[in-house]
Amino acid sequence: MKLKKLSAPALLLLPAFVVLAAVIVLPLLFSFYSSFTPFRLTKPETLWIFVGLRNYATVLGNAEFWVAFGRTVLLLTVALNAEMLLGLGLALLVNKATHGQRLLRTAMMFPMMFSPVLVGFQFKFLFNDNIGFVNNALQSLGLTDQAIPWLIDGNLALLSIIIAEVWSSTAVFAILILAGLLAMPKDPLEAAHVDGCTPWQTFRYVTWPYLMPFAFIAMTIRSLDVARAYDIVKIMTDGGPAKRTELLWTLVGRTAYADARMGLANAMAYVAILLSIVFTVYFFRKLAAARQQIGAEW
């Protein structure tokens, strides 16, 4: 039987499909299969032992996993709200600028240019209890007479991670909301001014409903980033002190490499992915509702 010849477009795309299969599809299939085995890095032969859903049952009954999940949700909630408020404020200020707006937009994107690893090292130095800039500044201003253990105290360590996340990613909200402000038609704003609306009423009932889809797009993007936060946490605290800053993906990494329980870690990872999908679906529904509201009102 003669094989059918591939068309020219298919031949041109074939190398890309091969690379995608080798880099993405095959590792995913391997990790999914190993999540049904007791695979340990120190015991390669365990890769061929099938245990069914035992790893998933272990994950769902693991209190440490759900504590890490709750901490991840807390980080996501606080970071997203702080980033949205700060991004909204930055976008409104830049939109009001009459000179140098392009320069301000470029400067606003500056934190996004740093890799998460570099941000982690940067804030680890800033919050160092002995030589860190934050403690030195607070002591120089007379606000405290002793060094604050930012990365040693459990609550302060999580706060430090949130500050690092907010600093590095507020620009995502600011840029998308600014895009909404620049695309917003002027007629509704002029009508609100003619009707005698205050600046707050204009923002609350005219500007903000139009900007909501842009804010939800930013939330969707950032929720996926925060839900799989690893680099900054690994560099700043490594999940410590006493696992008080352990998040989902740092727990997965510790289970896979420190404990060498790769099968269980892959099961954790797939459960975490399903939980991330739930958040993504939630934000997409909010986005669809906001777009429908704009369509009805505008």
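Helix α5 (residues 116–126) and helix α7 (residues 154–183) pack with their axes 10 Å apart, at an angle of about 130 degrees. The axes are lines fitted to C-alpha atoms, for helices over the stretch in contact, and the angles run from 0 to 180 degrees between N-to-C directions. Angles under 35 degrees count as roughly parallel, over 145 as roughly antiparallel, 65 to 115 as roughly perpendicular and the rest as oblique; α5 and α7 are therefore oblique to each other. Their crossing is right-handed, a crossing being left-handed if the near helix is turned anticlockwise from the far one by less than a right angle, and right-handed if clockwise. On the α5 side, Val119, Gln122 and Phe123 meet Ile163, Ala164, Trp167 and Ser168 of α7, where contact means heavy atoms within 4.5 Å. The residues of this contact divide into five nonpolar, two polar and no charged. In this division Ala, Val, Leu, Ile, Met, Phe, Trp, Tyr, Cys and Pro count as nonpolar, Asp, Glu, Lys and Arg as charged, and the others, Gly among them, as polar.

The model is predicted: local features need pLDDT of at least 70, side-chain atom pairs count only at pLDDT 80 or more, and totals for chains, interfaces and linings use all residues. Residues are numbered from 1 along each chain as its sequence is written, and side-chain values use heavy atoms, with hydrogens and water left out. The mean pLDDT of the protein (the predictor's confidence in each residue, from 0 to 100) is 86, and 96% of the residues reach 70 or more. Confidence is highest in helix α2 (residues 54–60), at a mean of 93, and lowest in helix α12 (residues 262–297), at 80.

Helix α7 also packs against α4, at an angle of about 150 degrees and with the axes 10 Å apart. These two helices are therefore roughly antiparallel to each other. Gln101, Arg105 and Met108 of α4 make the contact with Ala171, Ala174, Ile175, Leu178 and Leu182 of α7. By class, six of the residues are nonpolar, one is polar and one is charged.

Helix α4 (residues 101–108) has a further partner in helix α3 (residues 63–96): their axes come within 9 Å and cross at roughly 160 degrees. That makes α3 roughly antiparallel to α4. The crossing of α3 and α4 is right-handed. Leu90, Val94 and Asn95 in α3 meet Gln101, Leu104, Arg105 and Met108 in α4, and the residues of this contact comprise four nonpolar, two polar and one charged.

The whole chain comes to twelve helices and zero strands. Helices (H or I, at least four residues) and strands (E, at least two) are DSSP runs, numbered from the N terminus. The protein has a radius of gyration of 24 Å, whereas a compact globule of 298 residues would have one near 19 Å. This radius is taken over C-alpha atoms, and the globule rule is 2.2 Å times the number of residues to the power 0.38. Along the principal axes, the C-alpha atoms fill a box of roughly 75 × 75 × 35 Å.

The loop between α10 (231–236) and α11 (248–258) holds Pro241. The peptide bond from Gly240 to Pro241 is cis, with omega near 0 degrees. Ala242 is found in the loop between α10 and α11, and its phi is near 55 degrees, a positive value in a residue other than glycine. Most residues other than glycine have a negative phi, and most peptide bonds are trans.
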